[in-house]
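Try each task before reading the solution under it.

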Amino acid sequence: MNRKLTTLALASVIAITAGCATTGGERDYSKSLYLRGQFAWWDALPEYKVKKVDNELYRTEVELKADGQPYEFKFGDANWTSGTNCGYLSEEDKDVQLNKPVKANCSAVFENFRFTPPETGTYGFYFDVRGETPEIYINEASSRRGSYLPRPLTPPGIRFRTTAVHDWL
């Protein structure tokens, strides 16, 4: 009797762990992840669904007004599912600055990021899962249509001269 119970228990454990096996490969967040925040009344709107721009790098854009008040936001799916409800990891990651990646916790509940735009305009919001811990960062959206690459980081105090990009590019 004891041997039968042991065999049955072992068979159950094997069946359960076989069902938990992963198929490998990266997860495609472009199918379910949205930028959600005060600018969209926290809804998962189609215009704020992320797009894949590189391996494990996703982006969306939003127009923000610079009124001196921070916008609160997160990356999340339509149902706020644990594992895709991404807020800040620690207090030092809460306030996001342009071109400065911060770490995300994708099992967050109340940990909303905050961003105060320095000027009114369109900003690119990035969700980066290339490393061990997800990161988010924000940059000013490029004026060049179709360009989703982040602008290079510029050391403080150094300014580069840029030229206008025309609509025909």
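Predicted model: local features only at pLDDT ≥ 70, side-chain atom pairs only at ≥ 80, totals over all residues.

Residues are numbered from 1 along each chain as its sequence is written, and side-chain values use heavy atoms, with hydrogens and water left out.

**Exercise 1. Disulfide**

Find which cysteine the disulfide joins to C86, and work out its handedness.

Step 1: Apply the cut-off, which asks for a pair of cysteine sulfur atoms within 2.5 Å. By this rule you get one disulfide.

Step 2: The partner of C86 is C106, with an S to S distance of 2.1 Å.

Step 3: Check the torsion about the S-S bond of C86 and C106: it's about 105°, so the disulfide is right-handed.

Step 4: C86 sits in strand β5 and C106 in the loop between β6 and β7, so to speak two distant parts of the chain, 20 residues apart. Strands here are DSSP runs (E, at least two residues), and helices would be H or I runs of at least four, numbered from the N terminus.

Step 5: Look at accessibility, where buried means under 20% relative accessible area, exposed over 50%, and partly exposed in between (1.4 Å probe, protein chains only). C86 comes out at 0% and C106 at 12%, so C86 counts as buried and C106 does too.

**Exercise 2. Strand pairing**

Work out in which sense β6 pairs with β5 and how β6 and β9 run.

Step 1: Y88 has A104 of β6 as its bridge partner.

Step 2: β6 and β9 also run antiparallel, joined by two bridges.

**Exercise 3. Salt bridges**

Count the salt bridges, then ask which partner K103 has.

Step 1: Search for a side-chain nitrogen of Lys or Arg within 4 Å of a carboxyl oxygen of Asp or Glu. The structure has four such salt bridges.

Step 2: K103 meets E135 at 3.3 Å, N to O. E135 lies in strand β9 (residues 135-140) and K103 in strand β6, so this pair ties together parts that are 32 residues apart in sequence. Both ends are partly exposed: E135 at 23%, K103 at 34%.

Step 3: Another one is R114 with D95, the closest N and O atoms being 2.8 Å apart. Since R114 is in β7 (residues 113-115) and D95 in the loop between β5 (85-88) and β6 (102-105), the pair ties together parts 19 residues apart.

Step 4: For E61 and R59, the closest N and O atoms are 3.0 Å apart. E61 is partly exposed at 30%, whereas R59 is buried at 3%.

**Exercise 4. Aromatic pairs**

Classify the geometry of the ring pair F73 and F125, then find which residues the ring pairs link into a cluster.

Step 1: Recall that a pair of aromatic rings is described by the distance of the centres and the angle of the planes. Rings of Phe, Tyr and Trp (its six-membered ring) pair if their centres lie within 6.5 Å; planes under 30 degrees apart are stacked, over 60 edge-to-face, the rest tilted. That rule gives ten aromatic pairs.

Step 2: F73 and F125 are 5.0 Å centre to centre with 85° between the planes, hence edge-to-face. F73 lies in strand β4 and F125 in strand β8 (residues 121-128), so the pair ties together parts 52 residues apart in sequence. F73 and F125 are both buried.

Step 3: For F115 and F125, the centres are 6.1 Å apart and the planes at 85°, so this pair is edge-to-face.

Step 4: Follow the ring pairs and you get a cluster of F73, F113, F115, Y123 and F125.

**Exercise 5. Positive phi**

Find where W42 and W80 are placed, and look up their phi values.

Step 1: W42 has a positive phi of about 65° although it isn't a glycine. W42 is in the loop between β1 (34-37) and β2 (51-54), and is partly exposed at 25%.

Step 2: W80, not a glycine either, has a positive phi of about 55°. W80 is in the loop between β4 (71-76) and β5, and is partly exposed at 31%.

Technical notes:
Pairing = 2+ DSSP bridges.
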